[in-house]
Amino acid sequence: MKKLLGILASPRKLGNSEIAVKEISRLLPEPHELSLLRLSDFDIKPCLGCYQCLFRPEGCVLKDDFAIVAEALAAADAWILAVPTYVLGANASLKRLLDRGLGFYHRGRELWKKPAVGIAIAGMEGKEGHTKLEVDSALRLLMAEVKASVILYGALPGEVLIPQENRGTLARLAAALFGEPIPEAGPRCPMCGGDTFRFMDERTVRCMVCSNAGTFSFSGGKPVFGIESSGHDLFLTEADAVTHKAWLASMKERFIAHKDEIKAITRGFRGTGAWIRPRRPETPIEETEG
Ligand SMILES: Cc1cc2nc3c(=O)[nH]c(=O)nc-3n(C[C@H](O)[C@H](O)[C@H](O)COP(=O)(O)O)c2cc1C
């Protein structure tokens, strides 16, 4: 029996994200049990940017629900990520989780290559902004084997199932999850399959999913990409993830080597400006031993 995890970045109960995930589960040919994770239910505190998670055997210093979410991701055999558009981008619950992403290195191999499909949902046709990019990015950063990702439109709860076309798309996602990936339509990054690019100049584009850049031109009316690896990929292979983690950890040595220079710069800015502070206690963190 496969363990399927639906990851919902929507706070809305029985909304389109939840219904789309449950519909895929109903259509999935493989026997499975479905668990659901509503990201907004969890206390995921903002990352402190301290990099301690790279060095502490127990991971992040923040005391919150991150470990519960990471455990659920690791325990599943496959994921369905459904993310509604909020103000032209993914609901913030997704970004809040991803900002804690260095903490996922802690789980290493347990996360690598889980089959996954992604759904970006938007209420108005064409007004999804960067939500699909964030879905693609999230699945790649979580080291999934992305079988397909799509945009579906629907505003009212459940409306996503009204068009027959959407039901067909969800059926294809269900077939792809443990089967063959859905063939990619339209121009794609040859490195990662991403479909969102930044124009760097008249001839060069950068893929916004894998961050690799290269030339683009047209051949027979179709775009041809000369995108190549930068030599420092974040997640295209498991080795990339291991190397990137080591690169991040090496910042400690860089810090030690440049400590005096860095402190001289930062100290000089200490007294500049007046801080407006919230009226609540500091974020609680665990004591580090030693
Ligand atoms: C605060 C807020 C902002 C939204 N911003 C957008 C938007 O920028 N573009 C869009 O197409 N839909 C937008 N929507 C509509 C939702 O994406 C849409 O209702 C979607 O179905 C919600 O998914 P859910 O039912 O899973 O929560 C917004 C909804 C809310 C509540």
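Predicted model: local features only at pLDDT ≥ 70, side-chain atom pairs only at ≥ 80, totals over all residues.
**First stop: the main core.** Begin by selecting Ile 7, Leu 39, Leu 73, Trp 79, Leu 81, Leu 94 and Phe 104. Among the 36 residues of the largest nonpolar core, these touch the most other members. Next, colour the elements that each supply two or more residues to this core: strands S1 (2-8), S3 (78-86) and S5 (115-122), together with helices H2 (66-75), H3 (92-98), H4 (131-141) and H6 (238-249). The greatest contribution comes from H2, which gives five residues.

**Second stop: Leu 39.** Select Leu 39 and display its surroundings. Leaving aside residues up to four places away in sequence, Leu 39 touches Ile 7, Leu 8, Ala 9, Val 69, Ser 93, Leu 94 and Leu 97. Another core, of 21 residues, lies apart from the largest one; to find it, select Leu 4, Val 117, Ala 148 and Val 160, which are among its members.

Now select H6, which has twelve residues. From its first C-alpha to its last, H6 reaches 17 Å, close to the 16 Å expected at 1.5 Å a residue. Which residues of H6 are buried? They are Asp 240, Ala 241, His 244, Leu 248 and Ala 249.

**Last stop: the cavity.** Finally, select Cys 47, Leu 48, Cys 50, Cys 53 and Cys 60. Of the 14 residues that line the largest cavity, these lie nearest its centre. The volume of this cavity is about 110 Å³, and the count of cavities of 30 Å³ or more comes to one. Its lining comprises nine nonpolar, three polar and two charged residues.

Methods. Residues numbered from 1 in each chain as written. Heavy atoms only, no water. Core = buried A, V, L, I, M, F, W, Y, C linked by side-chain atoms within 4.5 Å. Buried < 20%, exposed > 50% of the residue type's maximum accessible area, 1.4 Å probe, protein only. Helix = DSSP H or I, 4+ residues; strand = E, 2+ residues; numbered from the N terminus. Contact = heavy atoms within 4.5 Å. Expected span 1.5 Å × (residues − 1). 1 Å grid on protein atoms, 1.4 Å probe; cavity = no way out; pocket = protein on both sides within 12 Å on 5 of 7 lines; lining within 4 Å. Points joined across faces, edges and corners; volume = space filled by probe spheres on them. Nonpolar A, V, L, I, M, F, W, Y, C, P; charged D, E, K, R; others polar.
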